Amino acid sequence: MAPKAAKGDKPAKGDKPAKGDKPAKGDRQAAKGDKPAPVSAPPPAKDQPAKDQPGEDEDDEAAAPKKPKSVQPKHEVGTRKGCRRYRWELKDSNKEFWLLGHAEVKILSVVCLIVAMMLFSSLTVHPILKLIITMEISIFSFFILLYSFAINRYIPFILWPISDLFNDLFSFAFLVGAMVFAVRSRQSMHLHYLLGVILMGLAAFFAFIDVCLQRNHFRGKRAKKHMLVPPPGKEKGPQQGKEPEPAKPLEAAKPPEPAKGKK
C-alpha cells in the first residue's frame with residue numbers, strides 16, 4: 001500500500017491556479033485590447049425628397065424636352081381625337097356648308113316659309129297649306145342644325161348629301177303642288193293670300209337651286225369598286241396543342257359470304 005501523505009503536505013490542485021498565479025490587471029486590459037472594438041454605424045443620412053430641394057424642379061422641367069405636337073393634315077381629320085377632332089369637324093363642316101352656298105339657300109327658304117305662314121295665319125285657308133309649310137320649315141331647320149353643329153360627321157352610316165338631295169327634290173315638289181292647290185281653291189285671292197303663295201313659290205325655287213348645288217357636290221366623284229363586297233374570311237389554321245388524328249387504316253375487303261344452301 002502506498003504511504004499516505006502527511007497532513008502538512010496537501011496536494012496542489014492542478015485544475016485551479018494558485019492565487020499568486022492570477023494575471024495582473026495590465027495583462028487583462030492587454031488581452032481585452034486584442035479584440036477589435038465594434039465600429040459604430042454612421043448615422044443614417046436624411047433622405048430629402050427631390051421636391052424639397054430648391055431649384056431642382058425648375059431644372060428638371062427645363063431639361064426635360066417637350067413633346068412636339070404631331071403635324072395634322074389640313075384637309076383631313078387625321079389622328080385628332082376628342083375636342084380637337086370636334087373643333088376641326090365643326091370648322092370644316094361650317095366652311096363647306098357656307099362656302100358652297102347650301103346655308104344661304106336653306107335659310108332663304110325658311111325665311112320665305114315663315115313669312116308665308118304668318119300671312120296665312122291672318123286668313124282662313126285650307127289646313128293642308130299650313131301643314132305643308134310647317135313640315136318644310138321643320139325639315140329645313142333640321143338640316144341647318146345638322147350641318148352647323150357637324151352632327152353629320154359622327155353619323156357616317158347615313159349618306160347625308162344624298163338624303164339632302166332627296167329632301168330638296170321632295171320639298172320642291174310639295175311646295176309647287178301646294179302653290180297650284182292654293183291658286184285653284186280660290187277664285188278671288190286676298191293680297192296677303194297672294195303674297196303667301198308667291199313666297200311659297202320662292203321657297204320652292206331656292207330648294208331647286210339647292211338641288212343644283214348638291215349635283216355639283218357629286219361631280220367628279222366615283223363610287224369605289226367592290227365597296228359593298230364583304231372582305232374574305234380568315235382561313236382557320238390547325239389548332240395549337242392538338243395533334244392531327246392519325247388516319248384510320250383501311251379494312252381489308254371481306255370475301256362475300258356463301259349463300260345459304262350452297263357450299
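A residue counts as exposed when its relative accessible area is over 50%. Keep that cut-off in mind for the third stop. The model on screen is predicted.

**Stop 1: the whole chain.** Select everything and colour by secondary structure. The chain holds seven helices and zero strands. From the N terminus on, the order reads α-α-α-α-α-α-α. Of the 263 residues, 20% count as buried. The accessible area comes to about 22800 Å², and carbon and sulfur atoms account for 63% of that. Now turn to contacts. Take those between residues at least 6 apart in sequence: 69% of them join residues at least 24 apart.

**Stop 2: helices 3 and 5.** Select residues 82–99 for helix 3, then 127–148 for helix 5. Their axes come within 8 Å and cross at roughly 135°. Helix 3 is therefore oblique to helix 5. Show the side chains where the two touch. Helix 3 supplies Leu90, Ser93, Asn94 and Phe97, while helix 5 supplies Ile144, Tyr147 and Ser148.

**Stop 3: the nonpolar patch.** Select Met135, Leu159, Ile162, Phe166, Leu169, Phe170, Phe174 and Phe218. Together they form a nonpolar patch on the surface, with about 730 Å² of accessible area.

Leu159 sits in the loop between helix 5 and helix 6. Is Leu159 buried or exposed? Its relative accessible area is 57%, so Leu159 is exposed.

Definitions and conventions:
Residues numbered from 1 in each chain as written. Predicted model: local features only at pLDDT ≥ 70, side-chain atom pairs only at ≥ 80, totals over all residues. Heavy atoms only, no water. Patch = residues over 30% accessible without salt bridge, like charges linked within 9 Å, V, L, I, M, F, W, Y side chains within 5 Å. Areas by Shrake-Rupley, 256 points an atom, 1.4 Å probe, with all protein chains shown as cover. Salt bridge = Lys/Arg side-chain N within 4 Å of Asp/Glu carboxyl O. Helix = DSSP H or I, 4+ residues; strand = E, 2+ residues; numbered from the N terminus. Buried < 20%, exposed > 50% of the residue type's maximum accessible area, 1.4 Å probe, protein only. Axes fitted to C-alpha atoms, helices over the stretch in contact; angles between N-to-C directions. Parallel < 35°, antiparallel > 145°, perpendicular 65-115°, else oblique. Contact = heavy atoms within 4.5 Å.
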